Amino acid sequence: MSKSARNKNARNHSPKSKSPGKPANRNARKNALTQREVPWGGIAFFTVIGLVAVVAVSYAFLQTRSSAADGGTSIAGVVTEEGLSNGHTQASVDYAADPPMGGDHDPVWQNCDGIVYGDALRNENAVHSLEHGAVWITYRPDLAAGQVEALRGKVQSTSYTFMSPYPSQDSPITLTAWGSQLDLQDAGDARLDEFLKAFVKGPQTPEPGAACTGAKATP
């Protein structure tokens with residue numbers, strides 16, 4: 001073998017001739033450019049948001065369930081009256097509460113499926129509606145117009161409720177179900193919704209499933 005041939009053969013078999021570092025560096029750079037980073041910051045953020053939402057929904061559900069399950073006794077300020085009679089009579093009835101919370105009443109109930117009345121109602125018809133599971137919202141005529149509108153919206157969006165002015169009541173606003181009552185000073189009081197959730201067709205209803213329509217439609 002000639003000298004030049006031996007030199008060429010030596011270069012071809014020399015470790016340096018393979019340039020071992022170059023391909024590895026190219027692969028490293030390629031991986032660094034194509035590798036996707038895990039967005040831990042975003043994952044943590046949305047995880048926290050999700051947990052907060054779950055806690056908030058659970059709390060609201062438990063609040064609703066607790067006030068309904070205990071018959072509304074957990075609502076601050078609710079007063080109750082037990083042992084109410086429920087006979088029918090066309091005569092006037094002398095009720096113990098004002099507005100009345102139950103007792104003997106007219107055979108015809110006041111329509112109560114989200115109805116707003118502009119004038120005072122006859123007690124004996126309204127009490128019959130309470131017997132069917134309705135909540136009666138009454139207010140003094142001097143209640144601010146904005147609060148009356150707030151109550152109107154609540155009634156018109158809630159079945160088995162009805163509303164009317166009640167000039168002789170002491171409180172600006174009174175919520176009444178069969179055997180239970182709550183006085184409020186403001187239509188924005190959160191207890192209004194709690195009372196409706198607990199008592200609209202609630203466990204206190206003497207005649208569950210009875211109608212709230214098809215009877216007396218005017219004061």
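Q: What is the handedness of the link of Cys-112 and Cys-212?
A: This is a predicted model, where local features need pLDDT of at least 70, side-chain atom pairs count only at pLDDT 80 or more, and totals for chains, interfaces and linings use all residues. Residues are numbered from 1 along each chain as its sequence is written, and side-chain values use heavy atoms, leaving out hydrogens and water. Cys-112 and Cys-212 form a disulfide (a pair of cysteine sulfur atoms within 2.5 Å). The angle about the S-S bond is -110°, and the link is left-handed.

Q: How many residues apart in sequence are the parts that Cys-112 and Cys-212 tie together?
A: Helices (H or I, at least four residues) and strands (E, at least two) are DSSP runs, numbered from the N terminus. Cys-112 sits in the loop between β1 (79-80) and β2 (113-116). Cys-212 sits in the segment after α6 (191-199), so the pair joins parts that are 100 residues apart.

Q: Is Thr-174 buried or exposed?
A: Buried means under 20% relative accessible area, exposed over 50%, and partly exposed in between (1.4 Å probe, protein chains only). Thr-174 lies in strand β5 (residues 173-177). Its relative accessible area is 1%, so Thr-174 is buried.

Q: Which side chain makes a polar contact with the side chain of Thr-174?
A: A polar contact is a pair of N or O atoms within 3.5 Å; within protein, one must be able to donate a hydrogen and the other to accept it, and residues adjacent in sequence count only if both atoms are side-chain atoms. At 3.4 Å, the partner of Thr-174 is the side chain of Gln-169.
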